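Please take a moment with the sequence and the structure below before reading on.

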Amino acid sequence: MATGWRYRVASVLGTASLTAVAVWFVNYPLIQDAFSQVPVLGRPAPAVLSNGALVFVILTALVVVLGAMWPLFKPRPRRVLATIILTQKRVFLAMVGLAALGYFDYNYRMPRATLMLGTAFLLLWLPAWMVAIRRRPSEQSRAIIVGDDPTAMEAILEETDLPVIGYVSPPSSYEATEGGVVGKPEMSDGGAVTTRLDELSNLGGLSRLDEVLVKYEIDTALLAFADTDRAEFFGTLDTCFDHGVTAMVHRNHAEDVLTAGVAGGELVEVDLNPWDWQDYVVKRVFDVCFSACGLVVLSPVILAIAVAIKLDSPGPVLYSQERTAEFGDTFTVYKFRSMIPEAEAETGAKLSAEDRGDIDPRVTRVGRFLRKTHLDEIPQLWSILTGDMSVVGPRPERPELDTNMESGAADWRRRWFVKPGLTGLAQINAVTGHDPQEKLRYDIKYIRRQSFWFDVKIVIRQIWQVLDDLVEMIEK
């Protein structure tokens, strides 16, 4: 599909047309009568709208759906899975908006059957339309160099056979002219670069990377950073992943990434997408079902634990920590509080996630039970439901602990290429962060072997271990 205004027109008109067709189609008497036979959902009896009322409902739906879908009308390359998920999220948002609008103002109320059937219609056909018109990579390969090390940028330029149209680099790598115009990158000794890099266009700084990838239809990014830090190196990988752009690095940085293959001699392709998109869909469905059911089924246990914590010691029921997510990003994870508040404030940042010694005086009585049975992890089901975590995956560590563990496993950051999990292959084999290299071996093994049934086996083994620990605690 072409980009620019033609994409905008196609996306807006397609969304409007599908929305109007959805409301008109599900209002058909035969459809409404069939839905009325569905147990529970079909009651009260569906209502077929008259012509005037139908037009009014269609116009209302158009305004709400177009407003909710607005972010998708911006032309930018997207992966198939990302397009489907984003479109479905926006459809749900629109339907919630329509339901809320009808609740607060009865004049705008859409019949429940029409709302539910229309949602199902749009959840199927609107993502299909957005996938069909999404921006695809150019048929001709177009590459850019992204980095902050002029020497590495020049070396990569010499190694690749891809047509490189320019480079993106932080302002610190440029020489500002008197007029404030960004110039060519400097060498470490202050001298200007006078090599092939001078022939390339300066496309801007890292803050404009998203814009550059879209504007120039880039399909390959060649990374040339002096250090594989979280902010710039892994931030660039994250941006490439979002845009479906292939990322390649020099062999010197290969130990910090998952590799997908070798091309151009010293260049290594980064495996940004280690699983097929079908695996991601199945895994996300499993995560949502598992976490939602877990929160519902365990709600009495959650209430009992909350009461026990409040009765055992003063302080909040939950406490939060920053943990490492995909591509070195961070998110907030919640757990049931198992220590006295004063101890957590003073030494919490120094404790490993695996430091679960029962003799620690800072651990409360209830906390010792929760840690032994792993019940303190229950609030993380919410993180799974919201998409920050998965049920199965490498356990997320605190950013400062990630740094410490890298000294015991040089390629530790390879774990960052998938979503962290509540449990994992390392956990069911009793391997903790005290042995980073062994833990990393299990995590990489899981990433390479992941499948739905592999996840199910890991979850069953973890649940069995939790029940076994619980029985052991009761017997004592």
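What percentage of the residues in the chain do buried residues make up? In this predicted model, buried residues make up 47% of the 476 residues in the chain.

**The chain as a whole**
- The chain is built with 17 helices and 13 strands.
- Among contacts with a separation of 6 or more, 69% are between residues 24 or more positions apart.
- The accessible surface of the chain is about 23500 Å², and carbon and sulfur atoms account for 61% of that surface.

**Ser291**
- Ser291 belongs to helix 9, which covers residues 277-297, and it is buried, with a relative accessible area of 0%.
- A polar atom of the Ser291 side chain lies 2.7 Å from the backbone oxygen of Asp287.
- When neighbours within four places in sequence are left aside, Ser291 is in contact with Leu381, Ile384 and Leu385.

**Cavities**
- The lining of the largest cavity has 6 nonpolar, 1 polar and 5 charged residues, and it includes Arg395, Glu397, Asp402, Arg415 and Lys419.
- The second largest cavity has a volume of about 60 Å³, and its lining includes Met95, Met110 and Leu122.
- Helix 1 (5-26), helix 4 (80-104) and helix 5 (112-133) each give two or more residues to the lining of the second largest cavity, with helix 5 giving the most, 5 residues.
- The lining of the second largest cavity divides into 8 nonpolar and 4 polar residues, with no charged residues.

Definitions and conventions: Residues numbered from 1 in each chain as written. Predicted model: local features only at pLDDT ≥ 70, side-chain atom pairs only at ≥ 80, totals over all residues. Heavy atoms only, no water. Helix = DSSP H or I, 4+ residues; strand = E, 2+ residues; numbered from the N terminus. Buried < 20%, exposed > 50% of the residue type's maximum accessible area, 1.4 Å probe, protein only. Contact = heavy atoms within 4.5 Å. Areas by Shrake-Rupley, 256 points an atom, 1.4 Å probe, with all protein chains shown as cover. Polar contact = N/O pair within 3.5 Å; in protein donor to acceptor, adjacent residues only side chain to side chain. 1 Å grid on protein atoms, 1.4 Å probe; cavity = no way out; pocket = protein on both sides within 12 Å on 5 of 7 lines; lining within 4 Å. Nonpolar A, V, L, I, M, F, W, Y, C, P; charged D, E, K, R; others polar. Points joined across faces, edges and corners; volume = space filled by probe spheres on them.
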